[in-house]
Amino acid sequence: MKSIPRPLVRINQSFIALSALLYLISSQVYFLILPIVFGISSLVLNYNPIIEFSKKFLKKPKNEYVQEDVAQQRFNQMLALTMFVLSFISYYLNIQWLSVTFAIMVFLASTIAVLGFCIGCFIHYQFNMWKYRRSLLKA
């Protein structure tokens, strides 16, 4: 199982929360562009610039930190990216309330994740359980 040190995950979550918060405070859509670009890079190229840059600041070897599952983090990144893209599209379609709603959802989920409860992980678990129960019915 591939993993990522928890401090790097927390930094990425903090970046996502800060980007959403800056957009919500300023209503400047360009605050959504960087997390969208980094999210696409993370999912398509397996390269997250925030995590790669932050690796330099780890004080201990990576394996000495509590680890987070890479597959779970990719799922969470996909959720955040989807919300950011929907917020961005809603902004340009002049549906401001929807744009703000998606940004609030990303902000709350990433902030709660930094505090210790991963909503994306819960959704991922429930989705996998649903697929498992569905496979039992087919068997």
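## Note on a predicted helical model

1. Start with Ser41. Its relative accessibility is 11%, so Ser41 counts as buried, since buried means under 20%. Keep in mind throughout that this is a predicted model. Ser41 sits in helix H2, which covers residues 30–45. Which residues does Ser41 touch, if we leave out those up to four places away in sequence? They are Asn46, Tyr47 and Pro49.

2. Now the aromatic rings. In general, a pair of aromatic rings is described by two values: the distance of the centres and the angle of the planes. The count for this model comes to eight aromatic pairs. Take Phe15 and Phe38 as one of them. Their centres are 5.6 Å apart, and their planes make an angle of 35°. Stacked planes are under 30 degrees apart and edge-to-face planes over 60, so this pair is called tilted.

3. Are Phe15 and Phe38 buried or exposed? Both are buried.

4. Compare the pair of Tyr23 and Tyr91. The centres of these rings are 6.3 Å apart. The angle between the planes is 75°. That angle is over 60 degrees, so the pair is edge-to-face. Tyr23 lies in helix H1, and Tyr91 lies in helix H4 (residues 70–92). This pair links distant parts of the chain, 68 residues apart.

5. Which residues form one aromatic cluster with Tyr23 and Tyr91? Phe88 and Tyr92 complete that cluster.

6. Helix H1 also holds Pro7. At 28% relative accessibility, Pro7 is partly exposed. Pro7 and Val66 are 59 residues apart in sequence. In space, their C-alpha atoms are 8.3 Å apart. Pro7 touches Leu58 and Tyr65, with residues up to four places away in sequence not counted.

7. Check the disulfide. The structure holds one. It joins Cys118 to Cys121, with 2.3 Å from S to S. The cut-off for the two sulfur atoms is 2.5 Å, so this pair qualifies. The angle about the S-S bond is 75°, and the link of Cys118 and Cys121 is right-handed.

8. Are the two cysteines buried or partly exposed? Cys118 has 17% relative accessibility, so Cys118 counts as buried. Cys121 has 22%, so Cys121 counts as partly exposed. The 20% limit falls between these two values.

9. Six residues are named in a nonpolar patch of about 510 Å²: Ile104, Leu108, Ile112, Phe117, Phe122 and Ile123. Helix H5 (96–115) and helix H6 (119–138) each supply at least two residues of this patch. Which helix gives the most? Helix H5 does, with three residues.

10. Ile104 is one of the patch residues. Its place is in helix H5. Ile104 has a relative accessible area of 37%, so Ile104 is partly exposed.

11. Finally, consider two loop residues with positive phi. Ser27 has a phi of about 60°, although Ser27 is not a glycine. Ser27 lies in the loop between H1 and H2. With 36% relative accessibility, Ser27 is partly exposed.

12. Asn94 is another case. Phi of Asn94 is near 65°, which is positive, and Asn94 is not a glycine either. Asn94 is found in the loop between H4 and H5. Is Asn94 buried or exposed? Its relative accessible area is 70%, so Asn94 is exposed. The limit for that class is over 50%.

Note on methods
Residues numbered from 1 in each chain as written. Predicted model: local features only at pLDDT ≥ 70, side-chain atom pairs only at ≥ 80, totals over all residues. Heavy atoms only, no water. Buried < 20%, exposed > 50% of the residue type's maximum accessible area, 1.4 Å probe, protein only. Patch = residues over 30% accessible without salt bridge, like charges linked within 9 Å, V, L, I, M, F, W, Y side chains within 5 Å. Areas by Shrake-Rupley, 256 points an atom, 1.4 Å probe, with all protein chains shown as cover. Salt bridge = Lys/Arg side-chain N within 4 Å of Asp/Glu carboxyl O. Helix = DSSP H or I, 4+ residues; strand = E, 2+ residues; numbered from the N terminus. Contact = heavy atoms within 4.5 Å. Phe/Tyr/Trp six-rings, centres within 6.5 Å; stacked < 30°, edge-to-face > 60°.
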